[in-house]
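Could you walk me through this structure, one selection at a time? I have it open in my viewer and would like to know what to click on next.

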Amino acid sequence: MLQVENVSGGYNRQLIVKNVSFHVEKGEMLGILGPNGSGKSTLLKVISGILHKESGDVLIDGKSLHAYSSKELAKKMAVLPQLHSHAFSHTVRDTIALGRYPHQSGLFASWSNKDEAAVNLAMKQMGIEKYEHHMLDLLSGGEQQRVFVAQALAQQAPILLLDEPTNHLDIAHQKQLLDTIKTQANENGMTIISIFHDINLASLYCDRLLLMDQGEVKVIGEPHEVVMKEQIETVYKARISTNPHPERPKPQITILPDIKEWREEKLITIENFQVTEELVVFQAEHQLKTWSSAVINAGTGWYRTFVNRRVDAHYNIDNAQTEMQQFLTNRGYSETETVGMMTAVYTKDAVIKQYDGDFGSVIIMVTAGVGNAVDVAKAYEVEAMPAIGTINTWIIINGELAEEAFIQAVITATEAKTKALAYEQVKDPRTGTIATGTSTDSVLVAATQQGAHIPYAGPITEVGKKIGLGVYECTVEAIQTYKKAKGWE
Amino acid sequence: MSKAMIGYILSIAALLVAIWLGVSVGSVKVPISTLWDTGADAIASNIVWKIRMPRVVLAGLVGASLAIAGAAFQGLLKNPLADPYTLGVSSGASVGAVTTLFFGISVPFLGIFTLPVFSMIGALVTMFLVISFAKLVDRAMKMETIILTGIIFSSFLGSVISLMIALTGEELRQIISWLLGSVSMRGWSFVQMAFPFVLIGTLLLWLNRRELNAMLFGEERAQHLGVNVKKRKMMILIGGSMLTGTAVAVSGTIGFVGLVVPHMTRLLFGSDNRHVLPLSFINGAALLIICDLVSRTIIAPTELPIGVITAFIGAPVFAFIFFRQRKKGGI
C-alpha cells in the first residue's frame, strides 16, 4: 500500500530524517514513536509530500508520491497534522465539508449526495453531530481536534496519516478516537500511520511500531518487539518498567521516577500488629507492595493495612465481598489501602512471630482452622463446598522483593504449611488421608521494598529459609491451639 | 433561507439603492427614471449619462475590486487586517501608475490599457516583495509582521512618488489630482479601461473561493486537502494585484475599502469564502458609490477626495479588528 524507501529529508539542507525505510500493508496500523526531536513529524511531512525529500522515494500503490496531482494524492491519503489556530471562524459542518474538496471538480463543483453522506458519517463517527452548526473557534481544543479528525475521515482516503491525534483529548475521547480509527482499519481496510507520544496507547492500538532515534529507525516490529525496557530506556533516556496490559496481549510501560529519598526508610516489626476480640490488624506507616488472595483488594497493589477478621461459623459467605467491604468502611479502614481476610478462628489464637536475618526480617502471622482440611491429591474424588475454616498465612518482609521472589515466597510458604499439616497429622475427613490445606486457604506476601534487594525467595535463599521455618513453626502452633480449643486433644 | 441567501438579497438591494442615490442626488436633482425615460429632459439626460452614470459605475467597479481583493488577501494570508492598502500593494500600483504618467509611457499594443497594466505590475511586484520580506522576518508570518512590512513598503514607495512629483513639470497637476483618490470627471473611457481587468481579476479570485476556504487552515492543511497550493496562490496573487492595480489606475489610492467591506460581510453573513468573495464584491461597489456621493455632496460645491471618506470609516474599523484579534489571542 505504502512504501517508504531510503528516505532522507529535512529543512534547509539539514537532514532530520535519515535513510528511513518501511512499508505498510492495507488495513495495517503503524505507530511512530520516538522522543521529542527524533524526526517523527518531519518524517510524516516527507511522507505526506509537504516537505521535499533529499533522497529516496515514497510509493503509494507502487506509484511515486510526486507522480500524483494534488487532488489525486488527497484522494489516496488524508493527513491530520497537529492542531493549528486560525484567524476566521467556520462552522463545524463547513470545516468538515472541506474534506470533500478533492472529490469535487468543475467550475461550480456541485455538492453531491455522496459528499453529504461522507460528511454526515464522519460527524457521527467522531460524535460531533450536536456541534454541527457551532463555530469552530468557540469549541474546546479537544472538540476542535475531533472536528479535524472528522475532516480527514470525510476525505475517505484509503491511507490516513495522523500526528498525535490524541493531543488535547481526555481519556474517553482518546479511546473513542482510536477505536474509531482502528475500526476503519479492521473493517474498511484503511491503512493508518500515526505518530504517538503515548507509548502505551501506541502499543495498545497499533499492529506494528516504528521507534525513531535521532532521525533514524531504531527498530520496527510488533509492539512486544519494540516496547522493551532497555530499548525504550536507551532511546527516551528515562527509566521505565514494562508490564502486561490486563486485557490485551500488548506491553505497557510505567515511568520510574528518579527522585531519591521519596520516603524515609521505615522498618516494620511485630509492634505493627494489634489483636482485638474481632480483628488481627497489621498497620504500617508506609504502603507495602502486596500480593495476596484476600477477600478485599486481592492481587498486586500497595497497601498499608491488613485485616484478618473473625467471623462465626454461620457467616453467610455468598455475600462476603460486599459485607466485608461494608464492615471495613464502618470500622474506618480505607477502602483503597486495606487488604481484608476472614477466619473462623479466635483472633487471640493467631500466631505472630518475627524472624530476623542478614537481609532484613520476616514477620509471619498464621490463623489456622482445619475443620475443612482437604488433601489436594484426593480432592477430585469428593465433592466439597467452600466453608468457613481456613488457614490464613501472612508473610511480611523488610526488604525489596523482585517479582519472582513474591511468587517463590508463596511457594515456599505453601510447602511449609503442608509440612506443618503433615506433622500435625491433620486429615481430610472425607478421604482419611493427610490433608495439604483447607478448601479456602489464603496467603499474603507483603514487602516494604526498602533495604536489601531480594531477587529470589526459594528454600535455599536466606529469606526463603526464614519463610519456611517461620510458616512451619507458626502453622504447627496455630493448629495445636485450634485442636486444644476444639477439645481434640 | 440560509444566511448567505439573505446576504445576497440584502446586498443587491443595497447596491440598487446606492445606484439610485448616486444617479439622482447632486447639485441638480434628477429623477432616476431619466435612465429609461426616452422623453426625459435633455439636460437631465446629459447629466445622468455623461456625468453621474460613468461616475457611479466607476466607483462601483473600484469599490468592488478593492473589496474582493481585500477578502482574497485576508484569506490567503490568514490575516484579517490585510487589504491592498495596508499591505502596501496600492502604493506599489501608484508607483506603477505615476511612472507611466511621469515618463509619458504608452505601449502601442496596450493603448489605453498601458496605465492599468503598469499599475498592476507595480502591485504584483510589491505584493511579492512584501510577502517575501515578511516571510524572511518571521516564518509564521504573524498578523503584525505582515502589516509592518506593508507600512515599510508603503512609506518607501510613497517617497518614491513624492520624488517623482517633485521632479515633474507640467504633469504635476494631473498626478496630484489623481493621487488624492477620486472617481470624478473620469467618464466612460475609464470604465472601459477598467472593466476587462475587473472581470478577469474577479474571475481568478472566484475560481479559488473553495481553495481560499482550505487555506484559512494553513497552506499545509490545504495541501493535505488536495489543493495545489503553489498554483492557487499564484492565481490569487495575480487576481488580487490585477484588481488593485486597476482600481488605483482609474481612481488613485483609496484606502480601507478592502478591509471594511469583507469584515462587515463576514460579521453579517459568515466567513465562508464561497459567499464572502461575491458578497464583498457587491457591497464594495455599494459602499464606494455611497462614499463618492458623500464626498461630492457633504461640502458642495467643493468635492472632498473619496479616500478621505473611506479612511474616516476604515481606520476605526481597522483599530476595532486589531483589538478584537488581540483579545481573542488569535493568529
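**Before you start**

This is a predicted model, in which local features need pLDDT of at least 70 and side-chain atom pairs count only at pLDDT 80 or more, while totals for chains, interfaces and linings use all residues. Residues are numbered from 1 along each chain as its sequence is written, chains are lettered from A and ligands numbered from 1 in the order in which they are written, and side-chain values use heavy atoms, with hydrogens and water left out. The model scores ipTM 0.79 and pTM 0.81.

**Stop 1: the four-stranded sheet**

Select β2, β1, β4 and β5 of chain A: in that order they form an open sheet with antiparallel pairing. Helices (H or I, at least four residues) and strands (E, at least two) are DSSP runs, numbered from the N terminus; two strands pair if DSSP finds at least two bridges between them. The edges are β2 (14-24) and β5 (63-64) of chain A, each with a single partner strand, so one side of each has no neighbour in the sheet. Now pick β1 (residues 2-11) and β4 (residues 53-60) of chain A, which pair over six bridges. Within this chain, A:S8 stands opposite A:S55 of β4(A).

**Stop 2: the six-stranded sheet**

Next, show β6-β7-β8-β3-β9-β10 of chain A, an open sheet with mixed pairing. Here β6 (77-80) and β10 (216-221) of chain A are the edge strands. From one strand to the next, the twist averages 15° (angles run from 0 to 180 degrees between N-to-C directions, with axes fitted to C-alpha atoms, for helices over the stretch in contact). Zoom in on β6(A) and β7 (residues 159-163) of chain A, a parallel pair with four bridges, and find A:L80 opposite A:L162 in β7(A).

**Stop 3: two helices in chain B**

Move to α4 (residues 114-137) and α5 (residues 143-167) of chain B, whose axes come within 9 Å and cross at roughly 135°. Residues in contact (heavy atoms within 4.5 Å) include B:F133 of α4(B) and B:F153 of α5(B).
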